[in-house]
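My notes follow in the order I took them.

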Amino acid sequence: MANPVQATSGVVIKVTINENSVPVNISSATTKNFNLKPPVGTLKELAASFFTDGTDGILTYTTDTATFDESGDWKLQVALSMTAFSGLSEAYDFVVEEAI
């Protein structure tokens, strides 16, 4: 993903859940959250949605102006609860650019 800019709405976060480089069918997921850890502030738990129907393993979330309220180094981790799995994905690092 390209670096988002602080306080920008409409940024689409899209993550594919893979196992051995193959997308996982997550259509049975009842909990689908993006956990975002800002550089300093409090962890944000955002309700993600299936990009299609979950069989492709893709989750998405569209930001509002409050989502990226800090610039700097952020982390994203997916929390899933489904029939065969309940837990967290690997963590992803990304940068939110400062708005000038």
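I began with Lys 44 and Asp 69, whose side chains meet in a salt bridge at 3.3 Å, N to O. The model is a predicted one, and I keep that in mind for each distance here. I placed the two ends next: Lys 44 belongs to strand E5, while Asp 69 sits in the loop between E7 and E8, so the pair ties together parts 25 residues apart in sequence.

Is Lys 44 buried or exposed? I read a relative accessible area of 17% for Lys 44, which is buried because the cut-off is under 20%. Asp 69, at 41% relative accessibility, counts as partly exposed.

I asked how many salt bridges a search of the whole structure finds. The search returned two. The other pair I noted is Asp 93 with Lys 75, with side chains meeting at 2.7 Å, N to O. This pair also links distant parts of the chain, with Asp 93 in strand E9 and Lys 75 in strand E8, 18 residues apart. I have Asp 93 down as exposed, at 59% relative accessibility. Lys 75 is partly exposed at 41%.

I then checked the strand pairing for these residues and found that Asp 93 in E9 is the bridge partner of Lys 75.

E8 covers residues 72-82 and is joined to E9 by ten bridges, the two strands running antiparallel. One of the bridge pairs is Ser 81 with Ser 86 in E9. A hairpin of two residues connects E8 to E9.

I wrote the strand order of the open sheet as E5-E4-E8-E9, with antiparallel pairing. E5 (44-47) and E9 (85-96) are the edge strands; each has a single partner strand, so one side of each is left without a neighbour in the sheet. The twist from one strand to the next averages 25°.

Last, I looked up Thr 63, in the loop between strand E7 (58-62) and E8. Thr 63 is buried, at 5% relative accessible area. What does the side chain of Thr 63 reach at 3.1 Å? I found the backbone oxygen of Thr 8 there. Leaving out residues up to four places away in sequence, I listed the contacts of Thr 63 as Thr 8, Ser 9, Gly 10, Val 11, Ile 13 and Phe 68.

Key
Residues numbered from 1 in each chain as written. Predicted model: local features only at pLDDT ≥ 70, side-chain atom pairs only at ≥ 80, totals over all residues. Heavy atoms only, no water. Pairing = 2+ DSSP bridges. Helix = DSSP H or I, 4+ residues; strand = E, 2+ residues; numbered from the N terminus. Axes fitted to C-alpha atoms, helices over the stretch in contact; angles between N-to-C directions. Buried < 20%, exposed > 50% of the residue type's maximum accessible area, 1.4 Å probe, protein only. Polar contact = N/O pair within 3.5 Å; in protein donor to acceptor, adjacent residues only side chain to side chain. Contact = heavy atoms within 4.5 Å. Salt bridge = Lys/Arg side-chain N within 4 Å of Asp/Glu carboxyl O.
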